[in-house]
2 protein chains.
Amino acid sequence: MTTRYLEIRQGVLSKNDRLAAELRERFARAGLLVANLVSSPGAGKTALLERLLAELRAAGWRVAAVVGDLQTDNDARRLARSGAPVRQITTDGMCHLEVDLVTDKLADWDLGALDFLFIENVGNLVCPTWYDLGEDVRMVLLSVTEGEDKPLKYPVMFNSSDVAVITKLDLAAACECDLAAMRENIRSVQPNARIFETSARTGAGLSELIGFLVQQRQAKRNGQ
Amino acid sequence: MTTRYLEIRQGVLSKNDRLAAELRERFARAGLLVANLVSSPGAGKTALLERLLAELRAAGWRVAAVVGDLQTDNDARRLARSGAPVRQITTDGMCHLEVDLVTDKLADWDLGALDFLFIENVGNLVCPTWYDLGEDVRMVLLSVTEGEDKPLKYPVMFNSSDVAVITKLDLAAACECDLAAMRENIRSVQPNARIFETSARTGAGLSELIGFLVQQRQAKRNGQ
């Protein structure tokens with residue numbers, strides 16, 4: 001890539017960072033916790049979110065989601081079945097969400113009426129790394145079907161995430177996934193990651209993940 | 001994105017296209033068939049290639065591979081066990097292969113001594129779409145664990161591919177994959193795609209895929 005290309009790419013990023021800082025302040029004033037979900041296509045972001053939205057709502061929390069995809073509004077329609085407000089961003093071919101798309105989509109939302117907002121990014125283990133969306137928690141999902149070595153091969157995404165959620169735990173035996181090796185590979189590129197092992201199908205690990213999110217929201221409101 | 005950013009991005013692409021045309025001519029003179037394998041991270045490109053390299057070699061074909069990853073040379077080491085010559089390209093964070101990286105890696109190779117060259121791209125269902133690597137066949141892999149709707153959500157990658165290889169067929173029942181729906185979704189965005197259903201674990205579908213590749217090589221050499 002040419003130097004000029006890189007300079008302009010950096011310009012796009014610094015504009016994104018500035019807008020993300022503004023959005024993060026808006027989120028802080030509203031007192032809600034915001035999570036940005038990133039992963040490969042098909043790692044199970046939507047399936048996990050379906051469960052998180054339903055279970056958080058059942059516990060009395062006010063939740064919403066914004067969903068990014070290159071094309072289709074399949075995910076928004078699927079998530080809306082939980083009863084939570086859900087909006088779709090269609091990136092029309094762009095491989096990641098940028099913060100201005102999120103800001104536009106939230107323009108007329110009363111964020112003060114929410115406890116949790118989930119942003120489901122485009123399925124891509126590389127490009128969303130660089131685009132801060134103003135989130136409090138970046139959550140990378142990794143399914144047991146993808147192989148234990150993905151954190152080593154895509155280290156920047158794992159290193160920039162606060163939480164790693166191993167998904168499709170119910171398929172671990174069928175695809176001979178070595179969970180200990182997977183956890184060790186996550187820790188080798190991001191020693192501080194909180195790791196959860198989940199299955200959206202069986203519900204395994206969801207209460208631990210929800211407990212963590214609730215605790216993070218409380219800590220944020222207490223200014224910790 | 002700014003207009004200026006887009007203009008420069010187009011500049012990078014047109015340079016890539018020019019270099020890809022040159023490399024394609026070099027491949028044609030050498031008379032080998034070149035396939036570019038693209039997919040999500042963890043869809044099974046390396047596992048499929050392990051089988052293809054081993055089975056093509058066993059049938060007397062001269063095969064080689066070039067493997068792209070952000071980091072690690074795990075895949076090259078894994079593929080080299082087949083006995084075929086394999087070289088690793090480490091993109092150092094770049095989300096796709098560009099043709100100059102491939103050209104550099106092939107500079108001192110005698111392509112005339114090969115029948116097939118496989119290029120394993122970085123795992124990404126979006127960005128590699130735009131970068132022609134001079135290949136004859138673009139092969140997109142989609143594992144049964146990723147969900148039937150991926151072709152609809154990532155249509156440009158499927159539309160730009162000649163062949164769609166459904167992988168991990170042995171897990172189809174465990175993850176309740178509707179194969180008919182998956183095929184229909186592939187066809188809806190790429191009506192001309194040749195679709196193969198495979199399992200690198202059981203070997204299902206590999207002989208059909210190999211038969212197709214051998215036939216494509218023959219057609220290329222006959223100038224069809």
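Trainee: What is the strand order of the open sheet in chain A, and how do its strands pair?

Mentor: Strands are DSSP runs of E with at least two residues, numbered from the N terminus, and two strands pair if DSSP finds at least two bridges between them. In this predicted model, the open sheet has 7 strands in the order E3-E2-E4-E1-E5-E6-E7 (chain A), with parallel pairing. Strands E3 (86-90) and E7 (194-197) of chain A are the edges, each pairing on one side only.

Trainee: How many bridges join E1 to E4 of chain A?

Mentor: There are 5 between E1 (residues 33-38) and E4 (residues 116-120) of chain A, which run parallel. Asn36(A), for instance, has Ile119(A) as its bridge partner in E4(A).

Trainee: Which strands does helix H2 of chain A touch?

Mentor: Contact means heavy atoms within 4.5 Å. Helix H2 (residues 45-58) of chain A packs on the sheet and touches E1, E2 (63-69), E4, E5 (137-143) and E6 (163-167) of chain A.

Trainee: And how confident is the predictor in chain A?

Mentor: Good thing to check! pLDDT gives that confidence per residue, from 0 to 100. Chain A has a mean pLDDT of 94, and 96% of its residues reach 70 or more. The model scores ipTM 0.90 and pTM 0.93.

Notes: Residues are numbered from 1 along each chain as its sequence is written. Chains are lettered from A and ligands numbered from 1 in the order in which they are written. This is a predicted model: local features need pLDDT of at least 70, side-chain atom pairs count only at pLDDT 80 or more; totals for chains, interfaces and linings use all residues. Side-chain values use heavy atoms; hydrogens and water are left out. Helices (H or I, at least four residues) and strands (E, at least two) are DSSP runs, numbered from the N terminus. Axes are lines fitted to C-alpha atoms, for helices over the stretch in contact, and angles run from 0 to 180 degrees between N-to-C directions.
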